[in-house]
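Here is a short briefing on one protein chain. Its fold elements come first, then single residues.

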Amino acid sequence: MPVRSSPTREEFLVCVGPSPSCADVIKSVQKMAAAAKVEWFAVYVETPKMLRLPAAERNRAVYNLRLAEQLGAQTITLRGSQIPGEIVDFARQRQIAKIVAGRPTRHGWGDFLFRSPVDDLVRLSGAIDVLVSSGTPGEPTEAPVLVQPKPVRLPGYEMGLLYIALATGLCFLMYPYFDLPNLIMVYLLAVMVTAVQCGRGPAILNALLGVLAFDFCFVPPRWSFTVEDAKYVVTFVVMFLVAVVIGHLTSLIKRQAEAARLQERQTAAMHALSRQLAGTRGVENILQVAVQHISAILQCQVVALLPDATQQLHVVAGDLDSVFQQHILKEMNTAQRTYDGGQIAGWGIQGSQGTENLYLPLQAADVTVGVLALRPMDPESPEWLLPEQLRLRFLESLGKQVALALSVELLQKTTLDSRNSPS
C-alpha cells in the first residue's frame with residue numbers, strides 16, 4: 001500500500017540565537033502567527049560552539065528564548081553539532097510549513113569564504129519554506145523574504161569519494177617534504193571525517209580505497225600496486241584495520257549522539273503535550289489536543305476511541321477514514337481487544353499481524369479509559385525505526401499522559417454532577 005504524504009500545517013518556526021536583531025525577528029513572527037491564527041515555535045540549538053560564546057551572548061540567547069515564550073511561542077531547546085540540520089529535522093517532525101531565520105550579518109569576503117547557517121538551512125529545507133528577516137533594532141522590521149531551496153545534495157558514497165580524493169591531493173602536496181607514515185595519517189583523517197559525515201559503509205570503503213591510493217601513488221615503485229619491500233604489506237594491513245576501527249567507532253559515537261538528540265526531542269515533546277493538556281478542559285478537547293500533538297510528534301494519523309455505556313468503543317476525535325482505510329470491522333475488533341486486555345497491539349508488535357495500525361491503550365492507575373489508533377505515514381522514519389522496547393516505552397509515556405488528563409477531567413465531571421444532583 002502506498003505511503004501517504006505527511007500533511008504540513010501552516011505553522012511558523014523561528015530560529016533563536018544570540019544575535020541582537022533576533023528579538024525583532026521573534027516579534028515579527030509573533031505578528032505573522034497571530035495574523036494567520038496558527039501556533040508558532042521558537043527553537044534554540046545548543047552546539048559546542050554556542051557553549052564557547054561569551055557570557056553576554058549566551059545570556060542574550062536565553063533572553064530571546066524567554067521573550068518568545070512570553071509572546072506565546074512553544075519554546076524548544078535542542079542539542080546538536082549542526083544548527084541547520086537540527087532545525088530542519090524538528091520542523092519535519094512537527095510538520096511545520098515555514099522556518100524564519102535572521103539575515104546573516106557577515107558581509108564582503110566573509111560571504112565568499114564562509115557559508116552561513118542560513119545557506120545550509122535553505123539547502124536542507126526541501127519542501128519547507130525558509131523566510132529570511134532582517135529585524136535590526138530600532139528600525140522597521142522588513143517583511144520576510146521567501147528563499148527557494150537549492151537542490152544540492154551528494155549521497156554518502158559520493159561524498160566519501162570526494163574526501164578520499166581531497167586526502168590524496170593533500171598527500172601529493174606533502175610527499176616531497178614528509179615521510180610516508182605522515183601521509184598515512186592524512187588518509188586516516190579522511191576515513192574519520194567520512195564516518196562522521198557519511199556513515200560506516202562509506203568509511204569502510206574509504207579505508208580500502210585509502211590503502212590502494214597510498215600504495216599506487218606513493219609507495220615505491222610508484223604508479224604500481226607492486227611493492228619493493230615486503231614490510232609495506234604489513235603496513236597496508238595495519239592501515240586498513242586501523243582505518244576500519246576508527247570509522248566504526250566514529251560512526252558508533254555519531255549514532256549514540258543521534259539517539260541522545262532523539263531522546264531529548266521526545267522529552268521536549270512530552271513536556272509540550274503535558275503543558276497543552278494541563279490547559280485544556282473537556283473530554284473531546286483533550287482528545288483533540290492529544291490527536292493533533294501525537295500526530296505531529298510521530299508523523300502518523302491518529303484517532304481516539306472511548307467506550308460508551310455498553311463498553312463498546314466509538315470514535316471521539318480524529319479522522320476515522322485516514323486510519324481505518326480497509327477492513328473497518330476487523331480493525332475495530334482489534335481496538336476493542338486492546339481496550340479489554342489493556343495491551344498494545346497491531347503494527348510493529350510481536351505476535352500482531354494483518355494490520356497496519358498500532359493500538360495504544362490509555363491507562364491510568366491500571367484502568368483503561370480509551371484507545372488511540374495510530375497509522376504511521378512513513379514507517380521508515382526515525383521515530384518508527386527505534387528498537388521496539390524504546391518505541392513502546394515512549395508510546396506508553398504519551399498514552400499515560402493523555403489517560404491521566406482524561407481521568408482528572410472525568411473525576412471532576414463526576415464530582416460536579418454529584419454536587420448538582422438532588423440529595
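Which strands does helix α11 lie across, and at about what angle does it run to β7? Helix α11 (residues 283-298) lies across β7, β8, β10 (358-364) and β11, and runs at about 155° to β7. Axes here are lines fitted to C-alpha atoms, for helices over the stretch in contact, and angles run from 0 to 180 degrees between N-to-C directions. Contact means heavy atoms within 4.5 Å.

This is a predicted model, in which local features need pLDDT of at least 70, side-chain atom pairs count only at pLDDT 80 or more, and totals for chains, interfaces and linings use all residues. Residues are numbered from 1 along each chain as its sequence is written, and side-chain values use heavy atoms, with hydrogens and water left out.

**Whole chain**
- The protein chain holds 14 helices and 11 strands. These are DSSP runs numbered from the N terminus: helices are H or I with at least four residues, strands are E with at least two.
- Of the 423 residues, 43% are buried. Buried means under 20% relative accessible area, exposed over 50%, partly exposed in between (1.4 Å probe, protein chains only).
- Among contacts between residues at least 6 apart in sequence, 67% join residues at least 24 apart.
- The chain exposes about 22,800 Å², with 59% supplied by carbon and sulfur atoms. Areas come from the Shrake-Rupley method with a 1.4 Å probe; for residues, only the protein chains shown count as cover.

**The five-stranded sheet**
- The sheet is open, with antiparallel pairing and the order β8-β7-β11-β10-β9. Its edge strands, β8 (313-318) and β9 (345-346), each pair on one side only.
- Two strands pair if DSSP finds at least two bridges between them.
- Strands β7 (residues 300-307) and β11 (residues 367-376) run antiparallel, joined by six bridges. A304 has L372 in β11 as its bridge partner.

**Strands β2 and β3**
- Strand β2 (residues 40-46) is largely enclosed by the rest of the structure, because six of its seven residues are buried.
- β2 and β3 run parallel and share six bridges. E46 stands opposite R79 in β3.
- T75 lies in β3 (residues 74-79). T75 counts as buried because its relative accessibility is 19%.
- Leaving aside neighbours within four places in sequence, T75 contacts A42, L65, A68, E69 and R275.

**Helix α4**
- Helix α4 (residues 83-93) is mostly covered, with eight of its 11 residues buried. Among the buried residues are P84, I87, V88 and F90.
- Q95 follows α4 and has a positive phi, near 60°.
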